[in-house]
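Have the structure open as you read.

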Amino acid sequence: MAVDALDTRILRLLLEQPRTSVREYARILGIARGTLQARLDRLERDGVITGTGPTLSPAALGHPVLAFVHVEVTQGHLDEVGDALAAVPEIIEAFSITGGGDLLTRVAARDNGHLEDVIQQLIQLPGVVRTRTEVALRERVPHRLLPLVESVGAAADRRERSR
């Protein structure tokens, strides 16, 4: 699905002003509310917009330690281990990866001792061969999508102008 210049403007507004109403977005963009709603529906249907909830801080929830745990899995057990990881509340993301390990998890913990407990829990899961942990010291670039949206929008503008 190609994102055009208007889609980019909509996405930028959603990122910059997430608590604004659809009516207000339409007013800011100078388009009809129905047009905006149709665009939002399409962006959701196409998987561009994947959620509308608030962004939460694990640190503010009492889990300031962030670690990335690489999990090596016995061949043929990736799905089972992935399902088991989903049952561990401190795992806030998990990805299948290439390179060193089979899964990369993002773990939030109360302190280093709690992180060790979570790692021990992971090691005991059937199908887990070993883990390797890297503790994040400081966030250097917070999760962001606006620069990517702007890049996609600039490419859309170039495509539209070249027609």
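Let's start with helix α5, residues 112–123. The expected span is 1.5 Å times one less than the number of residues. Helices here are DSSP runs (H or I, at least four residues) and strands are E runs of at least two, numbered from the N terminus.

This is a predicted model, in which local features need pLDDT of at least 70 and side-chain atom pairs pLDDT 80 or more, while totals for chains, interfaces and linings use all residues. Residues are numbered from 1 along each chain as its sequence is written, and side-chain values use heavy atoms, without hydrogens and water.

Which residues of α5 are buried? They are H114, L115, V118, I119 and L122 (buried means under 20% relative accessible area, with a 1.4 Å probe and protein chains only). These residues lie on the same side of α5, because their arc around the axis is only 140 degrees (taken from the directions from the axis to the C-beta atoms). They pack against β1 (65–73), α4 (78–85), β2 (91–96), β3 (103–109) and β4 (128–135), contact meaning heavy atoms within 4.5 Å.

## A closer look at H114

H114 belongs to helix α5 and has 6% relative accessibility, so it counts as buried. Setting aside neighbours within four places in sequence, H114 contacts H63, E90, A108 and A109.

Terms used:
Buried < 20%, exposed > 50% of the residue type's maximum accessible area, 1.4 Å probe, protein only.
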